[in-house]
Amino acid sequence: MATTPTAPVAPRPPHQPRRRASVAGRFMRNRAADAGAVMLLVLLAAAALAGSLATGSAQSIESAPLAPPGPGHVFGTDDLGRDIWSGVVYGARVSLLVGVLAAVTSAVLGVLVGAAAGYYAGWPDDLLMRVTEFFLVIPTFLLAMVLVAVLRPSLWTIIAAIGVLGWPGTARLVRAEFLALREREFVMAARAIGHGTARIIFRQILPNAAPPVIVSTSLGVGAAILTEAGLSFLGLGDPNLVSWGLMLRNSREFLRQAWWMPTFPGLAIFVTVLSLNLVGDGLNDALNPRLRRTAG
Amino acid sequence: MARYIARRLLLIVPLACAVVVVNFVIVHLAPGDPVNILVGEYGATPQFQAELRHRYGLDRPLVTQLGIYLQHAARGDLGYSLYFNESVVGLIASRLPATLLLMTSQLAIALGLGVTLGVAAARRPYSLTDNCASVVALVGYSMPVFWSGLLLILLLSTTLGWFPSGGMTTVRTAATGLAGAEDVLRHLVLPAITLALVNLALYVRLTRASMLEVLTFDYVRTARAKGLADRAVLVRHALRNALLPVVTVTGVDLGRMVGGAVLTETVFAWPGVGTLMYTALQTRDYPVIVGSFMLVSVAVLLANLLVDILYAVLDPRIQYR
């Protein structure tokens, strides 16, 4: 199986004084991360207020088909006369919901697998790591396609399929942390006092693994949104919901007549994933100051 | 070395079995009769359904079923597509060359461009070049591949007319030989660039980080002290070692790239395995969907093995155990 990839870690630029600042302070000073956070807040607001922001129903026929962007329809209308702006705003709900729930599912699974492997070491570790590497190497997008197709597309099968396949990265991070800490004094002490295994795993060791888990989960939300959009694009979206991937799917036949049909829903996906990646990178830099990539 | 390769090849067997088992589980998770998955929703006569039920032992205990399923898969029997009226293995084999052509072309572009950008960025960290490379990587990482594909069609095909918008060959011009190759190349440009654009992001970041690390090593300082030209130090000394993690990650990342390839093929109607899977999805042709996943997974495992062997060849520190 594959050898361990080296994490992209840049050494600290020489002679750069180590800042003593809070995590929040470091995050705030990172302008790229701030931009990402602001974009993300706007998107969350749009998703929350979709009902009042939408200028029409995203699913019912409103006006002339294939109307270009203009007053009344800022992003134009699609081939059935549905308002694209409304579709984009309602699509934010689906994308963010799927992204967050799938990423959280993956994080929970990854923590459980990684903690078990790292805490028990030995053969459970070997076994769990072989399984992890397996899921890391096989084409998981294809597996998600198979899962959703066979289980019938719905919001919940999509979340489950993406969530169930996204855990290997987190598992490896958590395992590494547990392997490093399992023999440390504070763990010995907890054991000596008679704390149970579960308590040691979750209350003593796990908090130390929180920073990498937070970073990989925030990046995981973006990845899950991309996967969901890809599945919807292939026709594996929830048939009852408007999603960005579905809008792009519908735009394929009308590229010549309506440039706005692919442009705006795709831009929405791009901006969402970009903001999540910026925030994830910012969190990474803020939580692991020694591994900082961007200049302070 | 031969023993190392043999050992690694043997390791593929349990992994391939695991792929089959995963499929078996999914097929049995499906609501309704597994026979529905075996025939797809294209419709099959009751006799054929009964025959399949018997052939795959669906009337027998689950463990026996798994054994039969594994046997069929090992013999290369991945089922039959009623929609295409052809065996699944035959269908996929006929589509594989197109996918391989697309994958190798995009990989060449992504690696070449990604590594170059990464080296340029590492040469002067935090410079304008470095920041530009970071932005390229970030944008590539955040773009849905099917959207960038649609935009490229919109811009370079429907508006400017530089490239064909889809397919692999021009219909009705049965060009052969050199002209035929040129025709395929013209069709290949857009999908290959689309896919490479997304995948090069990883290489930019990885090469940059890896180069920055290697550049702090003593032997690089020695090379500089000898008075070697900047270029020679960067490329001949530093890059050689910095590329090792790039090779490893390429192996691990192949599975993700294949996912992107399915979407790209769909956008450009590139007649590979991805488009086959797409067609199968539209017709709920389950044997093709499940079979494609199985074969592509095994192909990725084999490619991964190749990458690992390449790594062993490149890095003399690796012990062939």
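Helix 6 and helix 7 (residues 155-165) of chain A are roughly antiparallel to each other, because angles over 145 degrees count as such. Their axes, which are lines fitted to C-alpha atoms over the stretch in contact, come within 9 Å and cross at roughly 150°, on a scale from 0 to 180 degrees between N-to-C directions. This is a predicted model, in which local features need pLDDT of at least 70 and side-chain atom pairs count only at pLDDT 80 or more, while totals for chains, interfaces and linings use all residues. Residues are numbered from 1 along each chain as its sequence is written, and chains are lettered from A in the order in which they are written.

**Helix 6 with helix 7, chain A**
- Residues of helix 6 including A:T140, A:L143 and A:A144 meet residues of helix 7 including A:T157 and A:I158, where contact means C-beta atoms, placed from the backbone, within 7 Å.
- By class, this contact of helix 6 with helix 7 has nine nonpolar, two polar and no charged residues.

**Helix 6 of chain A with helix 1 of chain B**
- Helix 6 of chain A packs against helix 1 (residues 2-29) of chain B at about 20°, with the axes 9 Å apart.
- That makes the two helices roughly parallel, because the term covers angles under 35 degrees.
- A:V146, A:L147, A:V150 and A:L151 meet B:I26, B:V27 and B:L29.

**Contact between the chains**
- The contact takes 46 residues from chain A and 57 residues from chain B.

Note on methods. Two residues are in contact if their C-beta atoms, placed from the backbone, lie within 7 Å. Helices (H or I, at least four residues) and strands (E, at least two) are DSSP runs, numbered from the N terminus. Angles under 35 degrees count as roughly parallel, over 145 as roughly antiparallel, 65 to 115 as roughly perpendicular and the rest as oblique. Ala, Val, Leu, Ile, Met, Phe, Trp, Tyr, Cys and Pro count as nonpolar, Asp, Glu, Lys and Arg as charged, and the others, Gly among them, as polar.
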